[in-house]
Amino acid sequence: MLDLARLRDDPEGVRKALARKGAQHAKALEPLLEADTRRRGALGRLEALRHEKRTISESFAKADPAAKEAARAKSKSLDEEIKHLEEAVRGIDEEIETQALILPNTPHAQVPDGTDAAGNVEVRQWGKKPAFAFAPKAHWDLGEALGILDNARGVKIAGSGFPLYTGWGARLERALLNFMLDLHVKEQAYIEVFPPFLANRDTMRTTGQVPKFEEDMYRLEKDGLYLIPTAEAPLTSIHRDEILDEASLPKRYTAYSACFRRESGAAGKDTRGIQRVHQFNKTELMTYAHPDKSYEELERLTNDAEEVLKRLGLHYRVVRLCAGDMGFSAAMTYDLEVWAPGVGRYLEVSSCSNFEDFQARRGAIRFKDGGKGKPRLVHTLNGSGTATPRLFIALTETHQQADGSILIPEPLRPYLGTDRITP
RNA sequence: GGAGGGGUGGCAGAGCGGUCUAAUGCGCCGGUCUUGAAAACCGGUGGAGCCGCAAGGCUCCCGGGGGUUCGAAUCCCUCCCCCUCCGCCA
């Protein structure tokens, strides 16, 4: 959520910034500002009435009987006005919240203009596209030939988009996750947590999935819970409604989680194999940062995610997303795109973002600056470190051999227990 | 799922209809004393919102919501959470 005070102080600046994310957002500003003005007017009157009522009851005990009767009557009549105004303020508050919660974050000044992926800017590359003396297969063919991926039976169990990894495929999945977590925990000093995979509405509102993207999630109507689309949600709510010690920042967390996404509207779009699925595994990196240092942290976090790809010998590129291609809550985002030679495309395996205080405001995540004064909002950041389906794709497609086997990169061997997956 | 107990300031814990601007202790911060530290003593120490250039003022918050009352941390209803016991169970 954006700071309402900022909207009041600099409506033009906010309007322009929002327009960079999409012209429609800028229009939402006017009614919001109008409601804010109405709210403050009503609130001022309400508080004056409450003050009057309070004063009456405070002097009640020592008033004489006649004055008591008058006080009772006056207080009663104030009640009606107060109740009326309270309802009005509550109504306006809801109005404001409804509108404010669907406004996206504003992009950082250094985020390039653009309306879609075409506007993204490549920042760097690592490695290069592998050369093959044969035609590299796509992972769906490799998966079938090696018996590590069984899409047909996944469909039988749950439906399309719910991959069934089998044999070495299942072990590869597990090995990748352990490899990544160990890297994040032992070498990069993130605190490992194992979060719930279901989360409530407050949790989802904090990170920005609710209310605007409710339809993108699987929901358990009866329990008021959502299947998490990313561990970002539970990780960011660890410290929701808390005031942290300044000295404890940055707080860096990592977690494995299964992730669930409806991906409705994406049917048929890059869905072959396991490029886009409803359930997948991912390790997540998440930081609660001091607001003055969050952009340094974004670089660090991005590098930490990249390290996974480097160690697995996978060619990738880092792109800075343009304003129009960024997610709802982000102020700046780097995407990591790994090269998949079988499908012949770069695939997004990680999205590393600084949300600045956007999520922190929604979740009231603060810290005491210098130990005194008003608490300040922290900045939150996160990035996948990384998501397995596309990592699985890149790994199998990149390291496939002429004989149809997959050569396992050195760092992963102790986790997988073999140096090669063969048919 | 059933029965009982309980949710108060960073923590412990009192309060059970007006004096609560929530006792007291601990913690923390500042000061006095001291070569320094400790101890002792003195003072301070939550959050949100609104008004104000500021100083400051006002409103709300004792798990959430609603009610009774001139007045609620205190009484009533309801929901959530925690603990104990029982049931079920990976």
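Here is a short briefing on the domains, cysteines and aromatic rings of this structure. The model is predicted. Chain A is split into domain 1 (4-100) and domain 2 (117-421), and their C-alpha centres are 42 Å apart.

**Cysteines**

- If you are looking for disulfides, the search of the whole structure comes back with 0.
- Cysteine 259 takes part in no disulfide, and the nearest cysteine sulfur, in cysteine 352, is 14 Å away. Cysteine 259 is also buried, at a relative accessible area of 0%.
- For cysteine 322, the closest cysteine sulfur is that of cysteine 352, at 17 Å, which is too far for a bond. Cysteine 322 is buried as well, with 0% relative accessibility.

**Aromatic pairs**

- The whole structure holds 12 aromatic pairs.
- One of them joins phenylalanine 132 and phenylalanine 134 edge-to-face, with 5.4 Å from centre to centre and 70° between the planes. Phenylalanine 132 is partly exposed at 23% relative accessibility, and phenylalanine 134 is partly exposed at 27%.
- Phenylalanine 194 and phenylalanine 197 make a stacked pair, because their planes meet at 25° with the ring centres 6.0 Å apart. Here phenylalanine 194 is exposed, with a relative accessible area of 62%, whereas phenylalanine 197 is partly exposed at 23%.
- Ring pairs also bring Tyr256 into a cluster with Phe194 and Phe197.

**Charges over rings**

- Tryptophan 339 has lysine 129 over its face, 4.2 Å from the ring centre.
- Tryptophan 168 has the charged end of arginine 171 over its ring, at 4.1 Å from the centre.

Notes. Residues are numbered from 1 along each chain as its sequence is written. Chains are lettered from A and ligands numbered from 1 in the order in which they are written. This is a predicted model: local features need pLDDT of at least 70, side-chain atom pairs count only at pLDDT 80 or more; totals for chains, interfaces and linings use all residues. Side-chain values use heavy atoms; hydrogens and water are left out. Domain bounds come from an automatic or database domain assignment. A disulfide is a pair of cysteine sulfur atoms within 2.5 Å. Buried means under 20% relative accessible area, exposed over 50%, partly exposed in between (1.4 Å probe, protein chains only). Rings of Phe, Tyr and Trp (its six-membered ring) pair if their centres lie within 6.5 Å; planes under 30 degrees apart count as stacked, over 60 as edge-to-face and the rest as tilted. A charge sits over a ring if NZ of Lys or CZ of Arg is within 6 Å of the ring centre and within 35 degrees of the ring normal.
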